[in-house]
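Biologist: Please put the model on the screen. I have some questions about it.

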Amino acid sequence: MLLLALFGRRKLFSPLPLAMSRRSHSPSAPASPRLAKRPRLDFEPLTSEDYKDGLMLAPMVRSGALPTRLYSLKHGASLVWGPETVDKAILHSERVVDPVTGVVSYMGKSGAIFTTHPVEKPYLIYQIGSADPETAVQAAKMVMNDVAGFDLNCGCPKPFSTHAGMGAALLTNSDLLCAILTALREAMPPEISISAKIRLLPTSDDTLKLVERIINTGVSALTVHCRTRNQRKQQPAHIDRLREIVDFVEGMGRGVAVIENGDCGGYEDAIRIRGITGAHSCMIATAAEANPTCFSPTPFVDLERTFIPQYLRLGKYLGIYWGLTKYCAGMFEGKRTNRTRSELKDIRASIRGAKGYKDIEGYAGTGSGEEEFREIVQAIEQRGGRRVKVQVLNSTSTTGKTEAAATEAAPSMISDKVPKSARDEHALTSTSDGDESKDGLHTPPTGSVDPSVMNAPLAPANEMRMPLPAMITGELPTPTPTPRIGHQGRRKSV
Ligand SMILES: Cc1cc2nc3c(=O)[nH]c(=O)nc-3n(C[C@H](O)[C@H](O)[C@H](O)COP(=O)(O)O)c2cc1C
């Protein structure tokens, strides 16, 4: 139905150049009569239960771009967090809808502050950076029609965030932190969920006191990044400290979900971590930044061969600013590849050297990206509005036996829980050649490209969707991307 809504009212492969009439402006709801006629995406509002038994994409400035969120959903993420957006920044933006792709952009003076698509709405948590309840509410009201829930960032330790009283500064100002959450909960309709993402405080007592206050504000979920404010990414997350928090929250009896964050590497790892911590769900940042298919029990491994070309085409179709797509592609890193070192070097160099989508066609192909988008819509539509559940044996023990049991039990449950499209895709690979190690792939071959797509006009990068600089949005300043080949554990903590 959604697919029909998205594609049914026009020729699938429109002969019109996508650059023409791609945008319509609207302050709150789509102004275009054509869009207004589209049925609204109906979905079950989020409850605490929807935050349980899941694997979530973490909020990531820059790296959590729209195509990354869409691929995460396609490959099994239950919910996706958008990058932190500072409340004041969104207040001065204008909501713009692309009438061809349906992409919704909140435009600031010199670029997009936040970009989304209705297809992700049932699963999208918008993360607010704020130090003021009233401003947070105003910002939330601006975007509430495009999201399923709001999350308050209470963990960013960067000075630009903390000096303004936002992020990790809220950890030591629990009155303000709770005032913001309470204001959001009171101002938002019940179908919009509210959550918070915190870091650990140095002591267990202080952490539990803070947690108690947060739960009492009426949040549906609490994510705990298991590092303290002063801990850096290179230091291991203290997942051992989470069990008492989970027990404490459960003891409060409100059914609030506790989401573990920190050092989760993917589907299998989430099962292990939930066995140790008792957390209801896990949230992944760095591993998803390197491979947005990591939410799947069988993630893609040869990203250069299949995933990155798809990603580049999707970015082109959605009109994502090339610099952002290039940055994200530069961060991708699969576990195995069949390419030689010099081939990889050439691929990376061609991405790095490209000035726009046109320049990368030799590697990514000339496909418009519409096919990739349609596959994502299909995969999401097959969920029927449901969030993917990742079941583990509910254990109160941290013994190796329990973990092993949980891991062994996973495959039989996976078949029920992974979206059908993802299962088919992975099944295709495993039956095509029983021995993965032969070609190093879990991914299916790219397949033939629809000739009409080959001839379809190219969607030029949308200059206006260039993300705004950090000093305007308050976002994390990310260094100039340096695409890498084959090295691990290199990113800084946020
Ligand atoms: C590139 C990048 C950007 C991030 N941006 C945000 C953000 O906008 N909001 C936030 O709460 N945390 C942000 N974080 C922190 C992550 O959400 C997460 O808490 C942290 O990386 C630990 O998870 P991990 O061990 O899976 O990486 C970011 C992390 C990375 C790597």
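Biologist: Is Glu-191 buried, partly exposed or exposed?

Modeller: This is a predicted model, in which local features need pLDDT of at least 70, side-chain atom pairs count only at pLDDT 80 or more, and totals for chains, interfaces and linings use all residues. Residues are numbered from 1 along each chain as its sequence is written. A residue is buried if 20 or more other C-beta atoms, placed from the backbone, lie within 10 Å of its own, exposed if 12 or fewer, and partly exposed in between. Glu-191 has 13 other C-beta atoms within 10 Å, so Glu-191 is partly exposed.

Biologist: Where does Glu-191 lie?

Modeller: Helices (H or I, at least four residues) and strands (E, at least two) are DSSP runs, numbered from the N terminus. Glu-191 lies in the loop between helix H7 (174-187) and S10.

Biologist: Why is strand S11 largely enclosed by the rest of the structure?

Modeller: S11 covers residues 221-228. The strand is largely enclosed because, of its eight residues, the number buried is seven.

Biologist: In which sense do S10 and S11 pair?

Modeller: Two strands pair if DSSP finds at least two bridges between them. S10 (residues 193-200) and S11 have six bridges, and the bridge partner of Ala-196 in S11 is Leu-222. The sense of the pairing is parallel.
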